[in-house]
Amino acid sequence: MAATGLGESYSLQTMNKEDVNEQAMSTGNHYPKETAKKHHHSSRSSQSSDSSRSSRKSFRLDYRLEEDVTRSKRGKDGRFVNPWPTWKPLVMQNVLKWALMEKNNSNIPGSKEDLDKALPVVEPYFIENPSLAGKTKAGLRVTWLGHASVMVEMDDLVFLTDPVFSQRASPVSFMGPKRFREPPCTIDQLPKIDAVMISHTHYDHLDYRSVVSLNARFGSELRWFVPLGLLGWMQSCGCENVIELDWWDENCVPGHDEVTFVFTPSQHWCKRTAMDDNKVLWGSWCVLGPWNRFFFAGDTGYCGAFEQIGKRFGPFDLAAIPIGAYEPRWFMKYQHVNPEEAVRIHIDVQSKSSVAIHWGTFALANEYYLDPPFKLSEALERYGLKTEDFFVLKHGESRDLNINNEAFE
Ligand SMILES: [Zn+2]
């Protein structure tokens with residue numbers, strides 16, 4: 001099951017910068033396929049795992065305000081902790097109070113007809129026209145695949161965030177949050193995917209069967225960008241081309257040096273099994289290309305991370321920001337933003353356009369299931385923003401941005 005391999009790989013350390021630069025200089029910018037492929041036998045420690053250190057870049061971005069960012073933090077037991085004053089740890093007493101005492105107002109219709117009307121699932125364009133995928137030139141295209149799963153095409157790359165194609169967000173197939181809207185496509189119907197970014201280990205973001213299926217289809221041609229501490233689990237799924245990163249560390253897809261993937265902070269937590277709380281880091285992702293910049297907020301409460309991210313890497317052409325699973329606030333606010341805070345993230349990271357995620361797919365919290373987009377449009381109005389500044393897509397729907405960008409040779 002998904003849990004195998006967890007718990008064995010938490011003494012992971014990333015290499016220091018000198019090591020990285022040395023490695024990058026000695027290998028140049030060539031990324032032979034064999035480099036990625038031969039590492040399936042490597043040990044669980046990332047010190048010796050070439051999977052995590054192959055294909056490092058040979059340059060660093062000219063960081064602005066390098067000293068002004070918050071680094072990841074561990075407690076005395078080695079587990080990660082949130083460094084934000086806005087965080088409050090979950091205690092069992094509150095989990096029970098939420099589960100037993102709070103009214104669930106989600107009211108998800110039982111009938112498929114009603115759901116099809118309220119939240120239609122449309123066929124993604126690439127099923128009919130697979131040859132169009134990945135050819136956005138200097139533009140950017142985003143497709144919502146449900147919950148926090150989006151497909152982004154930009155700067156000659158196609159990548160996915162938190163791909164979940166299973167029926168339940170749970171370690172077992174017979175219980176746990178069930179999805180009330182189907183995925184708009186199968187993994188086999190996807191175009192060629194170059195990279196996947198994982199934000200954290202919760203089941204509605206990291207799905208064992210989806211990881212295995214993506215690996216079965218794309219193998220080591222697909223690069224996985226994962227949080228610090230997850231490399232061993234990814235290897236136990238059979239993935240060979242995995243890069244695990246600490247906050248503010250960066251890497252790229254082999255052969256695509258010009259596009260930088262940076263793991264950045266969020267305010268959240270990790271858990272898949274009874275005892276593995278916060279052994280893996282959580283976070284958000286920035287993708288910085290020559291034409292476009294994309295930000296994936298992952299799953300998060302509101303905190304000071306986003307202003308730091310905006311200062312260092314903004315403005316972004318597109319941000320994917322969660323708007324759902326926020327009620328009751330006394331319990332949810334530390335881990336999940338509400339639509340108003342989602343708009344503040346949009347502003348903090350300096351996003352030109354944002355797409356709403358983390359709603360309309362799994363029943364995870366107590367707000368009415370159609371409230372997130374309504375509350376989002378109310379919040380946008382309060383901030384003087386337009387609905388197209390922070391838009392909502394149908395399941396499977398795509399939006400093109402920056403189509404007037406000029407391709408430079
Ligand atoms: Zn989560």
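Reader: Where does His147 lie?
Author: Two ground rules before that. This is a predicted model, where local features need pLDDT of at least 70, side-chain atom pairs count only at pLDDT 80 or more, and totals for chains, interfaces and linings use all residues. Residues are numbered from 1 along each chain as its sequence is written, and side-chain values use heavy atoms, with hydrogens and water left out. Now, His147 sits in the loop between strand E3 (140-144) and strand E4 (150-154). Helices (H or I, at least four residues) and strands (E, at least two) are DSSP runs, numbered from the N terminus.

Reader: What is the phi of His147?
Author: Positive, about 50°, although His147 is not a glycine.

Reader: On to the metal. Which residues coordinate the zinc ion?
Author: His200 (NE2), His202 (ND1), His268 (NE2) and Asp299 (OD), at 2.2 to 2.4 Å. Donors are N, O and S atoms within 2.8 Å of the metal (3.2 Å for Na, K and Ca); water is not among the atoms, so sites may look incomplete.

Reader: How are the donor residues spaced in sequence?
Author: As H-x1-H-x65-H-x30-D. His268 is in the loop between strand E10 (256-264) and strand E11 (284-288), while Asp299 is in the loop between strand E12 (293-296) and helix H9 (305-313), 31 residues apart.

Reader: Which residues does a cis peptide bond join, with omega about -5°?
Author: Gly314 and Pro315. Pro315 is in the loop between H9 and strand E13 (318-322). The bond from Glu327 to Pro328 is also cis, with omega near -5°. Pro328 falls in the loop between E13 and helix H10 (329-332).

Reader: Last topic, helices. Which residues of H11 meet H12?
Author: Pro339, Glu340 and Val343. Their partners in H12 are Pro372, Lys375, Leu376, Ala379, Leu380 and Arg382. Contact means heavy atoms within 4.5 Å.
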